[in-house]
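Please walk through this structure with me, one element at a time. The tour starts at a single residue and widens from there.

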Amino acid sequence: MFKKLSALFFAFVVFFSLGARFSYAQDTTTPITTQEAKYRGLLDDYRKAQDQFIVSAGQYYNLQTLAAQEDAVRALRSVMLTRDDVVIAYFDLLELEINTVPGIELSRKGQLTSQIDIQKDQLKSHRARVEITTDRINLNLEASGFSQLEAQLEATSDRSLSLLKIAGIQAALDQLVLTKSQLDSFVASAPISETVRGEKQRGLDEMGRSVESIKLVISKALTRYDESLRSISNPGFSEVRSILNPGFATLTQAVQFAREIIQ
Amino acid sequence: MNNTNNPDWFSEESLMGTEMSEAQEQEEFAVKPETTAIPKKSNSKKLLLVAALVVTVLLIITSVLIQPKKKTVSVGATPTPEVSNIPAPEGITKTVDELEKDVKASDPDANNIPFPPIDFTLHLASPSPTPGF
């Protein structure tokens, strides 16, 4: 009787503590984190399949038997299928981010997501062809076809990342405008001396200038982004990033100004 | 006093009576260890059960106290529009915190979803001294 009660007591304690942790863990789950976890899992599967292919191909080159070739072909097909899955999951994740993040103009969003959809369709068709291919020659043809997609896929990824970065700066700018508006009201009516009010007002003027300069940065970055749509060879993510960097520095400084004003 | 003066007190019957009661007492002493051992055992079990229950209750109270308090929107904390349109300093601090969070998330050099590190050149070449993978 006593032993049963003790077991019940410990089971209760364990369940209670685990239950509490589980309820907190549930709160952090979003569609993006779920998709990100799926993508990371597929990337791990791809790495394992690639390692397996390297081993099988090595055996085939050493033994040069039909059985070894069969093993290597199976391993190649497996790694090619997983590779398609990884890229499809990656574009699903990018699409989800683009559709979720605020600060992206609808026309640009629509243009980019339709481009992503075309890429995903190409990948799905490729995957379907690989799935039914069983011989080395045709599998190598599909492998060659996939390598020709590389430039297009990377260009789409670069454009998506560029737009997401511009959207990030735009969202921060919107928050800065909101913060400045609240600080304007606060400084204007706060029970403080005129000297202090003057100091704070100068800080607010600096913030106003920051807003204008960040708007210019975003405009420049969007111009570069639009140019990149006309060129596959130069998607321009690194250039967009370079254009945005001064805007990010100005935003960081504006946060510092805001902190000083509310002190 | 009366008992000491009573002649029957030291009679044979009364002495026999005392002898009988002593024998009964001896019997009682002989039985007692068996009868007292059972309550002692049940008492220790009861004590352990009570201790376990007390610990459980203490654990529940402690865990309830340790759990983070849910954030509640304080309706009364913000000033009413009739008094003033100026946001409270707490409200402004919250807005600045949000701004800081947004700015940190907008770092152009941080890329948490780079293009997947996959090999685009994988294929199975014909056997040769230099493998094609």
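Start with Gln64(A), which is exposed because it has 11 other C-beta atoms within 10 Å. Gln64(A) sits in the loop between α2 and α3 of chain A. Its phi is near 55°, a positive value in a residue other than glycine.

A word on the source. This is a predicted model, in which local features need pLDDT of at least 70 and side-chain atom pairs count only at pLDDT 80 or more, while totals for chains, interfaces and linings use all residues. Residues are numbered from 1 along each chain as its sequence is written, and chains are lettered from A and ligands numbered from 1 in the order in which they are written.

Now look at chain A as a whole. It has seven helices and zero strands. Helices (H or I, at least four residues) and strands (E, at least two) are DSSP runs, numbered from the N terminus. Of the 263 residues of chain A, 32% count as buried. Take the contacts in chain A with a separation of 6 or more: residues 24 or more positions apart account for 76% of them. Two residues are in contact if their C-beta atoms, placed from the backbone, lie within 7 Å.

Next come the helix pairs. Two packed helices are described by the angle between their axes and the distance between the axes. Axes are lines fitted to C-alpha atoms, for helices over the stretch in contact, and angles run from 0 to 180 degrees between N-to-C directions.

Go back to the two helices on either side of Gln64(A). The axes of α2(A) and α3(A) come within 8 Å and cross at roughly 160°. The two helices are therefore roughly antiparallel to each other. Angles over 145 degrees count as roughly antiparallel, under 35 as roughly parallel, 65 to 115 as roughly perpendicular and the rest as oblique. α2(A) passes α3(A) in a left-handed crossing. A crossing is left-handed if the near helix is turned anticlockwise from the far one by less than a right angle, and right-handed if clockwise. The residues of this contact divide into 21 nonpolar, nine polar and eight charged. Here Ala, Val, Leu, Ile, Met, Phe, Trp, Tyr, Cys and Pro count as nonpolar, Asp, Glu, Lys and Arg as charged, and the others, Gly among them, as polar.

Follow α3(A) to its next partner. Its axis and that of helix α4 (residues 106-132) of chain A come within 10 Å and cross at roughly 165°. That makes α3(A) roughly antiparallel to α4(A). Their crossing is left-handed. Residues of α3(A) in this contact include Leu81(A), Ile88(A) and Phe91(A), and those of α4(A) include Leu112(A), Ile116(A) and Leu123(A).

How do α3(A) and α5(A) lie relative to each other, roughly parallel or roughly antiparallel? Helix α3 (residues 66-100) and helix α5 (residues 136-189) of chain A come within 11 Å, axis to axis, and cross at roughly 20°. They are therefore roughly parallel. The crossing is left-handed. The contact holds eleven nonpolar, three polar and four charged residues.

Stay in α5 of chain A, where Lys180(A) is found. Lys180(A) counts as buried because it has 20 C-beta neighbours inside 10 Å. Beyond residues up to four places away in sequence, Lys180(A) touches Leu204(A), Met207(A), Gly208(A) and Val211(A).

In soluble globular proteins, nonpolar side chains tend to be buried together. A nonpolar core is a set of buried Ala, Val, Leu, Ile, Met, Phe, Trp, Tyr and Cys residues joined through C-beta atoms within 7 Å. The largest one here has 32 residues, and Ile166(A), Leu244(A), Leu251(A) and Ala258(A) have the most contacts inside it. Two or more residues come from each of α5, α6 (194-228) and α7 of chain A and α3 (89-105) of chain B.

Finally, turn to the partner chain. 64 residues of chain A are in contact with 41 residues of chain B. α5(A) gives the most to the side of chain A that touches chain B, with 25 residues. By class, that side has 41 nonpolar, 16 polar and seven charged residues.

Terms used
Buried ≥ 20, exposed ≤ 12 C-beta atoms within 10 Å, placed from the backbone.
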